[in-house]
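Start from the structure shown here.

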Amino acid sequence: MKRELKIAVRELIEHVLRSGDLVFEFLGSSRPVEAIRAHQKIQNSRPDTYQPEVSISYQVETDRFRLNISGRIDGVYTEPDRTIIEEIKTTARNPDYFEKNENPVHWGQVKTYAYLYGNARGLDEIITQLTYYRIDSGEIREIKRTFSITELEVFFKELVARYLEWAATIIDWSGRRDESIRDLEFPFANYRSGQRQMAVEAYRTIRNNGQLLVQAATGIGKTIAVLYPAVKSLAEEFSQKIFYLTARTTGRIVAEKALDVLRAKGLRLKSVTLTAKDKICFCPDSACNPEECEYARGHYDRINDAVKAIFARDAFTREQIAGTARAYRVCPFEFSLELSLWADCIICDYNYVFDPRVYLRRFFQEENGDYIFLIDEAHNLVDRSREMFSAEIFKQPVLDIRRQLKNELPHIFKSLGRINAWLVKARNKCEESGNPLAEKNQPDELIPLLRGFLFLTERWLSQNIKTSFREDLLDLYFAVSGFIRVADQYDECYSTCYEKIGKDLKLKLFCVDPSAHLEKVMTRCQTAIFFSATMTPMDYFKQILGCDQSAHHLILHSPFPGENLGLLISDQISTYYRHRDQTVSQVSQAISALVEQKTGNYLLYFPSYAYMRKIYHSFTDHNPQVETILQTSGMSEPEREAFLKRFSEDNPQTLVGFAVMGGIFGEGIDLVGDRLVGAVIVGVGLPGISLERELIKEYFTRTLSAGFEYAYLYPGINRVLQAAGRVIRTEKDRGVVLLIDQRYARFQYKSLLREEWDPVWVQDTRQLADALQKFWNQQ
């Protein structure tokens, strides 16, 4: 049976006919919505002989495969003496421009539609019409051309012939890929404990187009356990593309390595790693236009050759993408997005799927596909999604930009003056209260002022005039645009927050409950698998992540011997905020008792920087001989690496690292073997009290009678579990974890700890020392 390849008319035309420069003209944030409205406005104005949204398809048969071409015509006039095929395009330009400057992609699209329609109906001649609609003025220009069906046939066959070479490459590749997948066995001789169960459940979920939440302890091999069945599903046509979604660079690296392991066993699979534009750009100080960037100049003349060159490889990593982009002088970020169309697995940050500002519209804007979402470290998605669906603006940029525009753009200057006056009043109200404020309703008086600013600014920005203040104005435009986007969907799941910061004011539309937004995003895929070492309790994550009621869950315990972990709980010390000054000495003594029992590297986790520093000073005063290292706020990437590098297996003496729970060293670090022999977790991990946390508490108290749990307890206990998970990373590791807080004795907290843990409860430093000696002497 011949293989089949599907392609949309638009994709076919763009692949074959695109040429010239990569140009990022300002189009306005509301452009997609306005474009839809413009299409509808034009279609509704047409006579009864006009049919909108006409689906069309055509099959090209070759000796080896079938190419299925499909699309949707904007409109067709079927009159007694003529047929007109209309393609509608919205633009920020004067429509007269397109009469003098023919766009080959636009004409290619309408001519292809005309041939497919005319050929199916036996027409000898057909009229094509490109209708350009100018967004800001509503001006319309209709450009007609008449073609014989023979002319259109010649154009179409030449178009298809140029594409068939690439289509054959894709068909050949997919055949080799599927054959390798069918022959692929699990890459290791044996499954780890729990790993086969996880893989089987993942495969079953993919087959049934379902949702699965998995809490799998460190060491099970979560990445392979979800990637292996996902890859197998490609050859069985249960899915067409895998999205491996991560929150951290470490997650990306783990996914890339897992695919390399499968490739070492014979897998042929194309994967692409998407890197943020600002991190991969070759010319970060240049604007994205052909005048300033050599990689934008002629980008489309070289992009197909670049794709063909890198297609000889299977792993399109950041390094490979950058190297090929330099060699062919194309934009590396746009190159990576192009490769995503042809990759079987896309490895990327959460925001490429979930964030309404930057999600991959080429996959999700019009139609959703047979996609698998593999969501790594899914516990991070809760707070990340809250930020994605929130928006904020600051007063100071409004004032700064306004000062620059006084003589240049008086209308925008006045608009910003009205906005600034409103923000001044809000700041004064915030100052009078002495604290950040929250209101249930959105700022209704401000919204029209912001819309007015967007209207005026969009008209000026669309002219693409270069000025010294353009970039600053553009940044403000996008901030306000994002704010309005959120305001348009503001409901009972939101609150409005006001915070005075020095002389500035931060105004935030805060998404308290992201579940409805996440539920909507999940319709973009057929299968979603959430997995993490910490998803406790499961019902909380199922609700807050917007999962179906039918979603399954799986909890898998550590595959490592239980006796390798010495878990101790000191429940006689209070770390409540009001008691912290009084318990500094007690905590410091407990830490001393722990590190005195065995030379090695230790990490200590604290609920705040202030409490950490107090205990740090107490500990170093009483233990000057012990080497210590302290996490500082806002550490750079080199500073983080230097911090972790200190945790060496070759340290001749004890090293004690002080860090903040839930921070950069609380998860995502892998200190194997003697690089880490123990951890101390001071407190129960509760997030600090803040306006946003209190809003979460109030909302879920009202809706689920679980406000404290959703705002503080569940996020806190997952921080504790993540920190504790740093100690035992392999089956050979041995180490100790000490939890310090009175609250661990309460059922509310104790019930959320690992079921497989067998803690030793200690009342004082003597009992602690005895328990530690017993554990270390078991070696």
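Ala, Val, Leu, Ile, Met, Phe, Trp, Tyr, Cys and Pro count as nonpolar, Asp, Glu, Lys and Arg as charged, and the others, Gly among them, as polar. This is a predicted model: local features need pLDDT of at least 70, side-chain atom pairs count only at pLDDT 80 or more, and totals for chains, interfaces and linings use all residues. Residues are numbered from 1 along each chain as its sequence is written, and side-chain values use heavy atoms, without hydrogens and water.

The structure holds two cavities of 30 Å³ or more. A cavity is a set of points on a 1 Å grid over the protein atoms alone where a 1.4 Å probe fits but cannot get out; lining residues have an atom within 4 Å of a point. Volume is the space filled by probe spheres set on the points, which are joined across faces, edges and corners.

| Cavity | Volume | Lining by class |
|---|---|---|
| Largest | about 120 Å³ | 13 nonpolar, one polar, one charged residues |

In the second largest cavity, α8 (249–264) gives the largest share of the lining, four residues. Helices (H or I, at least four residues) and strands (E, at least two) are DSSP runs, numbered from the N terminus.

Now strand β22 (residues 655–660). Strand β20 (residues 601–606) pairs with β22 in the parallel sense over six bridges; pairing takes at least two DSSP bridges. Tyr-602 stands opposite Val-656.

Technical notes
On a 1 Å grid over the protein atoms alone, a cavity is a set of points where a 1.4 Å probe fits but cannot get out, and a pocket is an open set with protein on both sides within 12 Å along at least five of seven lines; lining residues have an atom within 4 Å of a point.
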